[in-house]
Amino acid sequence: MLEVKDLVVAYGKVKAVKGISFSVEQGQVVSLLGTNGAGKTTTLRTISGLLRSESGEIWFEGERIDRTPAHKVVMKGLAHSPEGRKIFPRLTVEDNLRLGAFARKDTDGIARDLKRVYDLFEILYERRAQPAGTFSGGEQQMLAIGRAMMSRPRLLMLDEPSMGLSPIMMQRIMSTIRALQSEGVTILLVEQNAAAALKLSDRAYVLEVGQITLDGTGEQLLGDDRVKRAYLGED
Amino acid sequence: MNVPTIVTPELQKRFHVPGRIAALAGGLLLAASAYLPWAYDGDALDNMAFLGGPSTLQFLGALLGLLLAVSAGMAWVEPWADRKGILPRLLMVSRRAGWTRGTKALGVGLLGFIAVVLIAIALELGGLVTIEYGGWVALAGALLGFVGSRLLTPGRAPSLEKVKTPAWLEIVSIAVLLLVALLLAAYALNQNDGGTFLSILAFIGALVAFILRVGAGGWLSAAGQRHRNVLVFSSFAVAFLFPFTQNGSDANMSIATQVLIFAATAVGLNIVVGLAGLLDLGYIAFLGAGAFTAATMSQSAFATIGWKPPFIVVMLIAGLVSATLGLIIGSPTLRVSGDYLAIVTLAFGEIFRISMSNLDGSDGPDLVHGSSGIPAIPNLNLFGFDFGKVHTVLGIPLGRFSNYFFLMLLIMALIVLVFTRLNHSRIGRGWVAIREDEKAAEAMGVNVFGLKLLAFAGGAFLAGLAGAVKAHVDQSVTPDQYIFLESAFLLAAVVLGGMGTVMGVLLGAALLKLVPEKLRFVNEYRMLIFGLLMVLMMRFRPEGMIPNQRRVLEFHSDDEELVEEIEEDLPYEFAEEH
């Protein structure tokens with residue numbers, strides 16, 4: 001579904017991503033793991049068109065998209081819930097969600113999806129007229145995910161959805177991701193919390209300073225010694 | 001708003017009965033004082049020197065006084081609502097009104113009105129001694145009413161918008177209100193005396209504050225929502241009727257036409273600033289570009305372009321020239337955000353003016369005759385209708401400026417239509433997203449650059465249209481009409497009135513243009529006064545005089561009443577399913 005080949009991304013002279021290749025298959029949850037500065041967020045931003053790559057190719061459903069502007073990438077069915085949530089704090093919940101559906105024009109479908117999001121996150125329905133900035137971190141994250149779902153993506157990219165959340169909230173987010181997967185949404189996940197991410201991943205890649213150093217299924221990596229030492233805090 | 005409280009709630013609880021009596025008595029005293037002379041000499045304001053014959057201003061004062069007495073007294077009348085009959089049923093409606101809140105607002109407004117009147121008398125006749133005893137009685141009444149109203153507890157919030165009223169009543173109310181507004185505006189404009197004009201403004205201010213606080217504003221806006229087309233149509237009808245109230249005099253029509261041109265430009269700027277959130281400090285250049293384009297293609301002997309297409313075509317070309325300039329300025333700068341744009345547009349405004357001054361044949365092509373500009377632009381002639389002639393309709397002569405007023409009204413209707421269509425479209429939502437957070441908007445699939453450019457070029461196009469008419473209204477176009485100050489005033493109109501709304505900007509533009517025309521002393525100090533006004537607005541009402549609801553939420557996100565209001569407006573009803 002998504003295929004990244006030899007992707008190189010640079011900020012000026014500094015190469016943040018140094019030729020990585022990976023793929024995401026239909027219906028999978030795929031994780032990118034790594035420490036700060038490994039290039040995970042840069043990779044996502046490049047896929048969604050917010051950054052331009054230096055070289056390499058990005059293919060989405062048989063189409064090359066590495067020169068496609070961001071707003072057209074969304075229309076192709078690829079949504080990006082950015083790092084730090086980036087909700088619109090002064091707009092209401094409902095306005096936020098409707099903006100998520102900006103790339104769509106089917107009013108009925110939007111109304112249906114709005115209901116779907118409200119069903120998934122009841123709290124959003126209860127507070128739909130409130131400015132999103134008054135929410136707690138976890139609620140904002142739900143809104144960010146809900147907003148990304150509003151474009152009815154076939155591939156959803158989530159950047160650090162658990163960042164700064166309480167353990168309970170985090171479980172909630174992880175189970176939401178599983179629920180989305182069961183609905184047939186393919187998910188590309190960037191996470192710092194490796195254990196949680198690996199548990200629900202069909203496949204995972206470990207990035208270190210711009211390069212993929214390890215890959216395998218979620219289970220394989222959970223059992224891998226190097227992963228255990230570096231990311232799971234076990235000896 | 002943190003205004004220091006002198007009258008504490010405890011004080012209000014203890015003294016609300018004497019307070020109510022004082023407000024009632026003060027209102028009646030003021031009403032009675034209208035029959036006494038307020039000034040020693042008839043020269044001040046409208047003649048207020050008679051005993052037993054109130055002048056118009058005195059009459060307006062009496063009206064406010066009676067209103068204060070009635071609204072203060074309502075609390076004692078309302079218990080009768082439990083009896084039977086038609087009157088008690090009306091009283092039931094009155095129970096939904098916020099009479100006490102209205103009383104409090106009117107107490108302030110009334111004092112302001114009397115203060116303006118008395119100060120104006122003193123200034124015009126020379127000293128406080130020129131105020132007759134009636135004036136002091138009026139002041140005493142106003143003070144009594146003010147203090148009394150301060151002592152009242154605010155009481156219930158109005159809920160008049162929930163009253164079920166027949167459609168005809170709502171439509172008639174809208175029409176009557178607009179007609180009253182027209183008559184008041186016509187009356188105020190016909191006053192050549194600055195003090196009288198200002199007093200009428202104070203009267204209107206007090207009345208509007210009262211109406212809003214009583215809750216009739218809520219009812220009216222609900223009615224306006226239900227009959228949106230009626231409201232829009234009758235607003236334009238009333239504006240259309242305005243020239244007929246002037247008896248062929250062109251003095252006010254000239255001001256009104258200038259106000260319309262200014263307002264049309266300001267609404268165009270509001271697309272850029274209010275909707276897309278782009279700060280444009282050189283917007284006047286687009287008006288200028290339209291005016292210069294129209295001038296060079298006009299029938300003037302000084303026009304430099306030989307091609308003289310009909311005015312409709314000229315207007316379109318003027319709009320397109322402005323829009324092209326907008327694209328040229330916008331495409332490199334809109335990629336960067338925020339302050340850069342403000343600086344570039346500021347520079348662009350000056351570059352435009354200076355370039356025009358230099359296109360005089362010695363430094364460049366002689367396109368606009370440099371700083372002397374293009375004079376002697378003849379009046380328009382559209383489809384055989386000569387804009388320079390006086391046309392008599394129903395026995396009322398309509399002069400040159402009335403003709404242009406009608407044309408501007410049409411263009412204004414077009415601009416307002418474009419504005420509201422855009423605001424409520426997908427594009428409008430995209431602009432909101434850009435205004436809030438560009439990066440997030442991009443991730444949502446908003447074409448940030450494209451939409452910014454659209455706002456910029458679209459706004460410029462509308463300004464170009466207005467500029468084309470302005471060239472013919474002013475009869476000459478010179479570069480020094482398009483200085484930075486004008487851009488600043490346009491921006492001030494947008495900010496004062498309310499970013500992102502049409503009504504607000506119309507009001508802001510009208511005030512900013514009208515007040516200096518009518519009040520000579522304001523004209524001298526207008527920079528000072530408007531500057532001060534802007535600072536005060538930013539402190540106490542950053543969303544503008546007539547804000548749009550979303551904006552209010554952006555500035556006061558902790559207002560729970562407002563959240564509820566917006567909740568009621570949401571289109572989706574899932575309540576029963578949850």
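Modeller: In what follows, the bounds of a domain are those given by an automatic or database domain assignment. The model itself is predicted, and for chain B the assignment gives domain 1 (9-241) and domain 2 (250-375 + 400-547).

Colleague: How do you know where domain 1 and domain 2 of chain B lie relative to one another, and what makes them count as being in contact?

Modeller: Their C-alpha centres lie 36 Å apart. Two residues are in contact if their C-beta atoms, placed from the backbone, lie within 7 Å, and eight residues of domain 1 of chain B are in contact with seven residues of domain 2 of chain B. On the domain 1 side, the elements that give two or more residues are α7 (194-214) and α9 (228-241) of chain B, and by class that side has six nonpolar, two polar and no charged residues.

Colleague: What makes the end-to-end span of helix α21 of chain B agree with its number of residues?

Modeller: Helix α21 (residues 526-540) of chain B has 15 residues, which at 1.5 Å a residue should span 21 Å, and because its end C-alpha atoms are 21 Å apart, the two values agree.

Colleague: Why is α21(B) called hardly covered?

Modeller: A residue is buried if 20 or more other C-beta atoms lie within 10 Å of its own, and the count of buried residues among the 15 residues of α21(B) is one.

Colleague: What makes up the contact between chain B and chain A?

Modeller: The contact takes 24 residues from chain B and 31 residues from chain A. On the chain B side, the largest share, five residues, comes from α15(B), and by class that side has 12 nonpolar, five polar and seven charged residues.

Note on methods:
Residues are numbered from 1 along each chain as its sequence is written. Chains are lettered from A and ligands numbered from 1 in the order in which they are written. This is a predicted model: local features need pLDDT of at least 70, side-chain atom pairs count only at pLDDT 80 or more; totals for chains, interfaces and linings use all residues. Helices (H or I, at least four residues) and strands (E, at least two) are DSSP runs, numbered from the N terminus. Ala, Val, Leu, Ile, Met, Phe, Trp, Tyr, Cys and Pro count as nonpolar, Asp, Glu, Lys and Arg as charged, and the others, Gly among them, as polar. The expected span of a helix is 1.5 Å times one less than its number of residues. A residue is buried if 20 or more other C-beta atoms lie within 10 Å of its own, exposed if 12 or fewer, and partly exposed in between; C-beta atoms are placed from the backbone.
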